[in-house]
Amino acid sequence: MTANGAKGETLAQMEALLGGDIPMETLNEYLYSYIKALPSEKTAKLNIANSIWFRDNGFTAEKAFLQKNADWYSASLYGSDFGSQTVKDINAWVSDKTDKMIDRIIEDIDKDTVMFLINALSFDAEWQDIYRKNDISDGTFTSLDGQKRKVEMMRSKEYAYFDDGYATGFRKNYTGGRYSFIALLPNEDVSLADYVKTLANTAPEKVVKMLTSPQSTSVQATMPKFGYDFELRLNDILIALGLSDAFNASKANLSKLGKCSDGSNLYISEVLHKTHIEVDERGTKAGAVTSVAVNAEASMYPEEIKEVTLDRPFVYIIFDNETSTPIFIGSVTDIQK
């Protein structure tokens, strides 16, 4: 959504990150088609919601930008004064669109922030074969730092097995077969960090081929019930991936997004991502929210701050502003009790 407000090198960097050599207009069409094709079954559903919140004083959002995001991403549009009520409204929207799994995305609104672009995702699906009471037993999970945790383990027989030489795993389907849960366990001599690096350094098409071509064989699969929340500020990660200009107050070109009445330049001040997941005997519930905060640079040419410290002899004047007359002129050369 944010990329639709970018121009020049800022847009080029966004296009390269989001779609490689796919132009923005084509990417809009593809994502629109994808979202429209998502199933809406009660037992296996993935919902995506988008909204744009913009300051309605001192800032004018471009109508073409808002319309494009409403058309392609069904973005709800909200103009407000960005006061305390807006914080409550944004968090209420997030809670509603994530089925109350994530109850807030912002704590307050910076005085220079003029827009929030928010994406919320919720996933709620039952297992194709749910776990029965006798499939669940007490077990132990060893944490990354070696701590032993008592957990409930769920056991099942699956028929899709993975082995890429570094890890083994299985696939368990959700109702309807559109979605599935894939677990990959690094081999004993491979650390989790090293395996993640291996996946990251493997060509995407090879990873996709591996995940879509499991071995058809019986797997005795055991996994713990689990649930957790996660939060990450994505600024540094996105900059490292090549999206540098958008975060630079002087280089960013988000001119198609809107304009400030004082001519301040727009840039991305923060991209925040929050997730929640619950996996149990019935299925999986997961929620995610990504918020892009767009700020206005206070000034294209920041005012130079001077400093004066009266810690040595100085002159003083008592001045009559009405008549422009100095009443007293003196100097301080010493200070005594």
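Two strands are taken to pair if DSSP finds at least two bridges between them, and strands themselves are DSSP runs of E with at least two residues, just as helices are runs of H or I with at least four, both numbered from the N terminus. With these terms in hand, strand 2 and strand 4 of this predicted model pair in the parallel sense over five bridges. The model is a prediction in which local features need pLDDT of at least 70 and side-chain atom pairs count only at pLDDT 80 or more, whereas totals for chains, interfaces and linings use all residues. Residues are numbered from 1 along each chain as its sequence is written, and side-chain values use heavy atoms, with hydrogens and water left out.

Strand 1 (residues 40-41) joins strand 2 in the antiparallel sense over two bridges, and the two form a hairpin with two residues between them. Within that pairing, Glu41 has Ala44 of strand 2 as its bridge partner. Strand 2 also runs antiparallel to strand 5 (residues 113-126), to which eleven bridges join it; there, Ser51 stands opposite Ile118.

Ser80 belongs to strand 4, which covers residues 76-80. With a relative accessible area of 15%, Ser80 is buried. Its side chain takes part in polar contacts (pairs of N or O atoms within 3.5 Å; within protein, one must be able to donate a hydrogen and the other to accept it, and residues adjacent in sequence count only if both atoms are side-chain atoms). One of these, at 2.8 Å, joins the side chains of Ser80 and Thr86, while the backbone nitrogen of Phe82 is reached by the Ser80 side chain at 3.3 Å. If contact is defined as heavy atoms within 4.5 Å, and neighbours within four places in sequence are left aside, Ser80 touches Phe54, Arg55, Asp56, Asn57 and Thr86.

Val114, in strand 5, is likewise buried, at 5% relative accessible area.

Six bridges join strand 7 (residues 148-158) to strand 11, and Met153 stands opposite Pro224 of strand 11.

Lys172 lies in strand 9 (residues 167-173) and counts as buried, at 3% relative accessibility. Its side chain makes a polar contact of 3.0 Å with the side chain of Glu158 and reaches the backbone oxygen of Asp129 at 3.1 Å. A charge sits over a ring if NZ of Lys or CZ of Arg is within 6 Å of the ring centre and within 35 degrees of the ring normal. By that criterion, the charged end of Lys172 sits over the ring of Tyr131, 4.5 Å from its centre, and over the ring of Trp127, 5.4 Å from its centre.

Aromatic rings also pair with each other. Rings of Phe, Tyr and Trp (its six-membered ring) pair if their centres lie within 6.5 Å, with planes under 30 degrees apart counted as stacked, over 60 as edge-to-face and the rest as tilted. Nine such pairs are found in the whole structure. The rings of Tyr32 and Trp72 are edge-to-face, because their centres are 5.6 Å apart and their planes stand at 80°. Tyr32 lies in helix 2 (residues 24-36) and Trp72 in helix 3 (residues 63-73), so the pair ties together parts 40 residues apart in sequence. Phe226 and Tyr228, by their 6.4 Å centre-to-centre distance and 25° between planes, form a stacked pair. Ring pairs also link Phe123, Trp127, Tyr131, Tyr174, Tyr179 and Phe181 into a cluster.

Technical notes. Buried means under 20% relative accessible area, exposed over 50%, partly exposed in between (1.4 Å probe, protein chains only).
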